[in-house]
Amino acid sequence: MPARKVTPVVPEPAHVRRIQGSFAWLDHRLLRGEHLDGMTLAEIGVYVFLVLAADRSGVSFYRKDVIARRLGIDWGEFEQAKGRLLGKGLVAFRP
């Protein structure tokens, strides 16, 4: 007997997202590629901020001090997170 296909039901149809205006996305490989494993909250915050602030080419022009302030982390914590993200190949940086 063939397996029955389960059709998911949206619990709150009024909350289904629709793209309006600008849009940012997170690569699903962040989760599936196990990149989240071992990432600090500061790393996750910096990564998500950069993704949300990026233009269509993936470039963010925010200053490092502004990012740190907006995330509520100090300069050293930002620099450590940025360094770890660079080391993992998740971001690129050019001063």
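**Exercise 1.** Is I73 buried or exposed?

*Solution.* Keep in mind that we're working with a predicted model here. Start by locating the residue: I73 sits in the loop that links α3 (64-71) to α4 (75-87). Next, take its relative accessible area, which is 16%. The cut-off for buried is under 20%, so I73 is buried.

**Exercise 2.** Find out which residues I73 touches once its neighbours within four places in sequence are set aside.

*Solution.* With those neighbours skipped, the contacts of I73 are A42, V46, A68 and F78. Now pick out A42: 31 residues separate A42 from I73 in sequence, yet their C-alpha atoms are 7.4 Å apart in space.

**Exercise 3.** Work out how α2 and α4 are oriented towards each other, and what their contact is made of.

*Solution.* First, the geometry: the axes of α2 (residues 41-53) and α4 come within 9 Å and cross at roughly 75 degrees. Angles of 65 to 115 degrees count as roughly perpendicular, so that's the label for α2 and α4. Then list who meets whom: α2 brings A42, E43, V46 and Y47, while α4 brings E77, F78, A81, R84 and L85. Sorted by class, this contact has 6 nonpolar and 3 charged residues, and no polar ones.

**Exercise 4.** Decide whether K82 is buried or exposed, then list its contacts beyond four places in sequence.

*Solution.* K82 belongs to helix α4. Its relative accessibility is 11%, so K82 counts as buried. Leaving out neighbours within four places in sequence, K82 is in contact with K64, V91 and F93.

Note on methods: Residues are numbered from 1 along each chain as its sequence is written. This is a predicted model: local features need pLDDT of at least 70, side-chain atom pairs count only at pLDDT 80 or more; totals for chains, interfaces and linings use all residues. Side-chain values use heavy atoms; hydrogens and water are left out. Helices (H or I, at least four residues) and strands (E, at least two) are DSSP runs, numbered from the N terminus. Buried means under 20% relative accessible area, exposed over 50%, partly exposed in between (1.4 Å probe, protein chains only). Contact means heavy atoms within 4.5 Å. Axes are lines fitted to C-alpha atoms, for helices over the stretch in contact, and angles run from 0 to 180 degrees between N-to-C directions. Angles under 35 degrees count as roughly parallel, over 145 as roughly antiparallel, 65 to 115 as roughly perpendicular and the rest as oblique. Ala, Val, Leu, Ile, Met, Phe, Trp, Tyr, Cys and Pro count as nonpolar, Asp, Glu, Lys and Arg as charged, and the others, Gly among them, as polar.
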